[in-house]
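Welcome, and please open the model in your viewer. We will go from one selection to the next and look at what is there.

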Amino acid sequence: MFKIQNIRITCSMFGILIGVLFMISSCDVLDAPYYGCTNPLADNYNANATHDDGTCVYDPSLFRGCTDTAATNYDATALVNDCHCTYTNVRKVLVEDYTGHTCGNCPRAAEKLKELECEWGDRVVPIAIHAGFFALPETNANGSYATDHRTSEGNEYNNTFGNSALGLPNGLVNRKLYSGQFPQDRSVWAEQVAAELARPAEAYLTMQNTYSEASRTVNTSIDISVLSNLNNGPYFIIVALTEDSIVDWQKDYELGDDENIAGYVHNHAHRVNFNGTWGAQVGAGNLTAGQVLNVSYSLQLNSEWRDAHCNVVAFIYRQDTKEVIQAEYRPVVE
Amino acid sequence: MILVRNSLSESLSNRTKQVKTLGLTVLTIIGFLSVSSAQSQDSTATAKKDKDKEKGKWGEIHGNLQFDAQYYNPDSAIGALPVPEKLLMNGFTNLIYTKGKFTVGVRYENYLNALQGFDARYKGQGITYRYASFDADFLSITVGNFYEQFGSGMIMRAYEERGLGFDNAIDGARVKAHVLGGVYLKAVIGKQRSFFTTGDGIVRGFDGEIAINETFKSLADKELRVTVGGSFVGKYQEDNDPDFELPENVGAWAVRGNFQYKKWSLNGEYVNKINDPQATNTLFVNGSQHRNFNPGSGLLATLAYSQKGLGVVVSAKRIDNMDFRSDRAATGFNLNMNYLPALTRQHTYQLAASLYPYATQPNGEWAFQVDVNYRVPKKSKLGGKYGMSVALNYSEVHGLKNTINAEGSGYTNTFFEAGELYFRDINVEIIKKLSPKFKLNLLYLNIAYNKDVVQGLAGYGTIYSNIGIADLTYSLNTRHALRMEVQGLFTKDRADQGDWAMALLEYTWSPHLFVAASAQYNYGNKVEEKRLVYPSIFIGYIHNATRVTLGYGRQRAGILCVGGICRNIPASNGISLSITTSF
Amino acid sequence: MRKAFFTLLMVSMSALAHAQIAKKAWQLPSVTIKTIDGKSINTDELNNDGKPMIVSFWATWCKPCVLELSTIAETYEEWQEETGVKVIAISIDDARNISKVQPFVNGKDWDFEVYLDPNGDLKRAMNVNTVPHTFLFNGAKEVVYQHNSYAPGDEQYLYGKVKELVGKK
């Protein structure tokens, strides 16, 4: 009896010691990031700051332009990044932000997407899809939230991927499944975008838009150059129209007293697809390296849409998993 | 798994299939109900006879089964949006097989599709819980899915709350040891359940508890009874963030003590967690969202006095950045590692429980509660012939006063300083048996509810309301009883939805049947079109451990809270069926 | 169709188990719960010296549970005198209300043995879905009757079963 008791005690004590040591050692206490302006050229540059929080104020005399040497529009004279770097012949990522005008947390996601656009230039292809309960138009005395920004294609995407059902905001990064679900919280967009952009490109999309003001018709011609053998066919291409700078109502819970913003600027809102909700097939089945295909569409802009702010967005995806393999966008009026 | 939308014709045939499945299962249940009722009559006799023969030979299987189905009619007046599937159903069944010291359990769940208000990630069906455990003398080992709680749960709690759709079981291994008479040790490791898969982070924990009076024989008979305990819990999740260095191993520790002396008892637990930036605790600074690198802490303390006929409890709780999950990006009821109880009274009457209930704010709050239960003795002036039960409760919750620090990735605050009012509830309840046939419950509440903070909205402010409830039970005879309930909610300045009135009538026929009819009327709503009536009727049949409930009517949008976590239930109109049994 | 098959399979398995169980003896499972003092005990230690035992799962926030136990409390003394039955009330209150259980029980003046099951371990082991759920054990700690939910008068039915046990002894 006594011996058994002894063994139990010894084993337990040993176990406790191992457990405690294991627990104590597994603690990563890190230095907290210091948010501030990290650009030495800015007026409010903070030498202690480790992470830029977008508050940099620059002297207007400083020339702004694309400061990334890898970009096609790199300007050696530019001192401040204007967030409009463009790239050709690189992999690009489609980021869809599912949002709604009465969703008070959604402006945070829009801000995150803007951050990513600034960091990666046009390698991040953005679309905002208004869908679900928080995108419903309202009939209020002052006419607020009366606009319906939803689109039939956007609604179908929302139903398919289950975004608004999980509560907005959330988004899709290349329409990929992460841990068994499509909708992703904005806190992981940065790492997912970085991981996707690090992958080698499988195809290039070269887009050329011609716009006729008289008829308000945009013609888009897209060349698809396949770089490696794509054996997970069939592949489809979706070509869509988005519009920037739409000034309309939006709720924002972080504003304090009044959460309603009458003049919020909505960007890259999805308007319509050129070729149907799920697009059209590219080639026949699998695609082989070296293949060059072309698709062209034309669309007459709706009277409410402002041509100067519209963009044509195109992306190729695998029909079986819906995963996007390359995306591209260019303004309607070049 | 691709979530492709069915075409219209496919969804029609799916619906017929669902109705067929529903019908088939209902028939089977009714079938075995009759079989079991026939069997149970002679169960006692045969049990004794066959006991020695059957026991231990093949082991035993027991389990339970439940499913809830609802058919939704669109009702634009109350805001009930059309449901494409029309019929939604949640179901689950548990089976446990025991043979000697060995136990195996399994649970099958199906959501075809999940009821409104449940997380949409509950979709499909499958085995979501399975385990095998072995119970030796002083050691117990479980592999597979299990639930576990360390102390009060503030540092780690894996549990299930089916009504809310909450289940964060750990899928891994657990070892429990009981040595030296009063020393309890537990060690767990695993990944947590996330709907039909597991979360990203690995959870590991260790807990030790010493019941001093049982461990040291010399103290066994002392009047002061002491139990102390401590825990370490950690999680590991890879950091792939390109811009920030995020902690991959996040650890938390806790100490707790429980002291009992005669009629007094003192209980306390303190938890501390290191930096843990997550999606749920970001800070909004200078127009942008910043990651929060603050450590977290939690303190829960309770002092209670109880004697025959009187019980008094005073408790306090301070939470600061204690949202602990095994995946940084998880939101909603997903991958929570701990449980932060709300220090407010849990109400059950409709208007008191589902309009303005409090939900714990894991990012920071200070709560305080006093609870008194007193039994006015029989034959006294106030107590009457049968005595009277009185319950008084006062609770108040405030936020913390945080000042963002210079780095913008954390904040400072002082321990005792409390900020904005989040919630206040003053209530009095009297339960009195008026005569052998009449029993009366009277309840009055005064609630202050900061809707913006508690529900994560803006523009609603704090809603002040008074609620009065009268609940009278009339026993016609030993088997039949009639219960009448009248409730009224009165808000100050017609805030939010304004005033509500509710009446309920319930007839019970022990032990098998109950019928209830109720109506809620939002007569005080500022908007005339929203002054609606919500009628509903329920009928239920109970046989031993089986209960079948059928309901029909309008259900107003409300909040269902269990513990300190709440789920929003949208408004609905239609038929509901619920079957539950255990065997 | 797979969905229907699975559901049917589960239901028929449970029906089979149910039919079998009516003949077999279900003993109180061995689970660790806590006493009202916070001490851990195993359910094996619960007994009533060969006399019937009522185990009722309840919670401070469960109105019908409190009503059931209050009603039994009124006639508990007579029940004990007549049959020697013991009522064990297992509270499934979690950390939110667990400290209130002892004062609540005293405030209501109940004489039952009260135990705590804060994480639902015993509740799960006994396949309890909702409370109130009451079990009646015979002298050999085997389940002879169980009932879910409570309506005034159910305690009379339960007591009838208790008397049956004692009478037939």
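How are α2(C) and α5(C) oriented to each other, roughly parallel or roughly antiparallel? Before selecting them, two notes on conventions. Residues are numbered from 1 along each chain as its sequence is written, while chains are lettered from A and ligands numbered from 1 in the order in which they are written. The model is predicted, with local features needing pLDDT of at least 70 and side-chain atom pairs counting only at pLDDT 80 or more, whereas totals for chains, interfaces and linings use all residues.

**Stop 1: two helices in chain C**

Select residues 63–83 of chain C for helix α2 and residues 154–167 of chain C for helix α5. Helices here are DSSP runs of H or I with at least four residues, strands are E runs of at least two, and both are numbered from the N terminus. The two axes (lines fitted to C-alpha atoms over the stretch in contact, with angles from 0 to 180 degrees between N-to-C directions) come within 11 Å and cross at roughly 20°. α2(C) and α5(C) are therefore roughly parallel to each other, a label for angles under 35 degrees.

Now show the side chains of the contact (C-beta atoms, placed from the backbone, within 7 Å). On α2(C), pick C:Glu68, C:Thr71, C:Ile72, C:Trp79 and C:Thr83; on α5(C), pick C:Asp154, C:Glu155, C:Tyr159, C:Val162, C:Lys163 and C:Val166. Coloured by type, they divide into 5 nonpolar, 2 polar and 4 charged. Nonpolar covers Ala, Val, Leu, Ile, Met, Phe, Trp, Tyr, Cys and Pro, charged covers Asp, Glu, Lys and Arg, and the others, Gly among them, are polar.

**Stop 2: where chains A and B touch**

Next, select the contact between these chains, which takes 47 residues from chain A and 50 residues from chain B. On the chain A side, α1(A) gives the largest share, 7 residues. That side of chain A divides into 19 nonpolar, 17 polar and 11 charged.

**Stop 3: strands in chain B**

Move to residues 418–433 (β24) and 438–450 (β25) of chain B, which pair in the antiparallel sense over 11 bridges; pairing requires at least two DSSP bridges. These strands, β24(B) and β25(B), form a hairpin with 4 residues between them.

**Last stop: chain A as a whole**

Zoom out to chain A, with 4 helices and 17 strands. Its C-alpha atoms fill a box of roughly 100 × 55 × 50 Å along the principal axes.

Technical notes. Parallel < 35°, antiparallel > 145°, perpendicular 65-115°, else oblique. Contact = placed C-beta atoms within 7 Å.
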